[in-house]
Amino acid sequence: MESSARREDGVQTPREIYERLDRFVIGQDAAKRAVAIAAHNHLKRIQARRLRRQSLIKKSNILLIGPTGSGKTHIARNLAEILNVPFTTVDATEYTEAGYYGKDVEVMISDLLFKANHSVEDTQRGIIFIDEVDKIARRSQGARNGAGSRDIGGEGVQQALLKLLEGRDVYVPLNVTQAWNKSDFVQVDTRDILFICAGTFSDLHEYGDEGGRAMGFGAEDAAKRSRRRISTKQLVDFGMLAEFLGRLPVVVQLEKLGEPELIRVLTEPPDSIVREFRELLAMDDIELDFADGGLREVVRYSVERGLGARGLRSILEFVMADIMFEAPEHRRRRVEVDADFVRQRLVGLDSAHIGV
C-alpha cells in the first residue's frame with residue numbers, strides 16, 4: 001500500500017531507482033543503493049516544498065569517492081535521467097575564490113539554468129555534478145605538494161560553495177559566457193538543487209592513520225586496511241573543510257572495477273559500446289561479432305594501465321578504426337574481432353602513445 005501510494009504521488013521508491021540504475025551501471029551495488037536512497041529523499045523533499053508543507057527533511061548532497069573509471073560520472077548522469085531533472089557536469093578546478101580571475105561558483109548554477117532552457121523552476125530541482133572536488137583541497141601543506149601560500153583555487157572555493165550546497169537565494173548570470181556582466185542576472189534558490197561531488201582522492205592514504213604509502217614487507221596487508229571506510233578525519237587532514245563535508249552527508253565509496261565487471265560494461269547495458277558498434281556497422285549491412293577473447297584483450301589492456309571503464313571506448317575506437325574506415329566499401333559481409341586482431345591493434349596503440 002505504501003509503495004503504491006508513493007508511485008501515485010510521483011515519487012519513485014529507492015528500489016525502483018536502484019533497479020533502473022542497475023540497467024546502465026555495472027557493479028557498485030553499495031554505491032547504487034546509497035545514491036537511490038539519497039535521490040528518493042531528494043524527491044520527497046521537493047514534493048513537500050511543492051505542497052507547501054513544513055518538512056524536516058534535509059538535503060542529501062552526495063560525495064562519491066573512487067578511482068578513475070569506476071563510474072562516478074556515469075551514476076550521476078543516469079540518476080538525472082531517471083529523475084527527469086536538468087543535469088550539468090562541472091569541473092571544480094575551473095573555479096576560483098571571488099575576486100580572482102576565473103569562474104565564480106555561481107556560474108555552475110548558470111550552466112544548470114542553461115540546461116533547463118532558462119526555466120528557474122526546473123533549475124531549482126536539478127542536479128549539479130562537481131567533478132575533481134579533491135583538487136580544491138586546502139593547500140596549507142605547501143611543503144608536501146609544492147603549492148604556494150595563495151590558495152585561490154582551494155579553500156576559498158570550498159568556502160564559496162558552502163552557501164550553494166546548503167541552499168541560498170543566489171544571483172546568477174543569464175549568459176554563461178559573460179559571467180562578469182552583473183546587469184543581466186536572475187535569482188535562483190539552491191535549496192532543492194542536488195549536488196553530487198566526486199573525486200579520486202588518490203593519495204588519501206598519506207593522510208590516514210595508517211602512516212603513509214604501503215611499501216615492502218606487509219604492503220599487501222596495508223592495502224587491505226586502506227580499503228576500509230574512509231573517515232571524516234582523513235578527508236579533513238587531506239584538506240577538505242569540515243563545514244564543506246558537513247554539507248555532503250552521503251559519502252559513497254566506489255570500488256575499482258575488475259575484469260569481470262568491465263566485460264559486463266562492454267556488453268550488458270542497453271547503451272553499451274559493443275551494441276553501438278554493431279548498430280553502426282549494421283547500417284552498412286555488416287554483421288559484427290566480438291569474440292570473447294577479443295573483449296578480454298581490450299579489458300586487460302584497460303586494467304593494466306589503470307584506465308577503468310572510461311578507457312574502454314578510446315581503446316575500442318582505436319581497435320575498430322580500420323574496420324570503420326573500410327566498412328562502407330564492403331557491404332553484406334560478416335566481421336569478427338578476435339583476440340589476435342585486438343592484440344595486433346593494441347601494439348599500434350602502444351606505439352601511438354609512445355610517439356606522443
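The protein's secondary structure comes to 17 helices and nine strands. Helices (H or I, at least four residues) and strands (E, at least two) are DSSP runs, numbered from the N terminus. This is a predicted model: local features need pLDDT of at least 70, side-chain atom pairs count only at pLDDT 80 or more, and totals for chains, interfaces and linings use all residues. Residues are numbered from 1 along each chain as its sequence is written, and side-chain values use heavy atoms, with hydrogens and water left out.

Start with the whole chain. Of its 356 residues, 45% count as buried. Buried means under 20% relative accessible area, exposed over 50%, partly exposed in between (1.4 Å probe, protein chains only). Now take contacts, meaning heavy atoms within 4.5 Å. Among contacts with a separation of 6 or more, 73% join residues 24 or more positions apart.

Next, look inside. A nonpolar core is a set of buried Ala, Val, Leu, Ile, Met, Phe, Trp, Tyr and Cys residues joined through side-chain atoms within 4.5 Å. The largest one has 38 residues. Met108, Leu161 and Phe244 touch the most other members. Leaving aside neighbours within four places in sequence, Phe244 contacts Val133, Gln158, Leu161, Leu162, Leu165 and Cys197. Another core, of 29 residues, lies apart from the largest one. Leu266, Val298, Tyr301 and Ile323 are among its members.

Met108 also leads us to helix α5. Eight of the ten residues of α5 (residues 106–115) are buried, so this helix is largely enclosed by the rest of the structure. The buried residues include Glu106, Met108 and Asp111. Just after α5, Asn117 takes a positive phi of about 55°.

Another asparagine deserves a stop. Asn61 lies in the loop between α3 (29–50) and β1 (62–65). Is Asn61 buried or exposed? Asn61 counts as buried, because its relative accessibility is 1%. Its side chain reaches the backbone oxygen of Arg247 at 3.1 Å.

Finally, turn to an opening. On a 1 Å grid over the protein atoms alone, a pocket is an open set of points where a 1.4 Å probe fits, with protein on both sides within 12 Å along at least five of seven lines; lining residues have an atom within 4 Å of a point. The second largest pocket has 21 lining residues, and His74, Arg77, Val265, Ala309 and Arg310 are the closest to its centre. Helix α4 gives the largest share of the lining, six residues.

Note on methods
A polar contact is a pair of N or O atoms within 3.5 Å; within protein, one must be able to donate a hydrogen and the other to accept it, and residues adjacent in sequence count only if both atoms are side-chain atoms.
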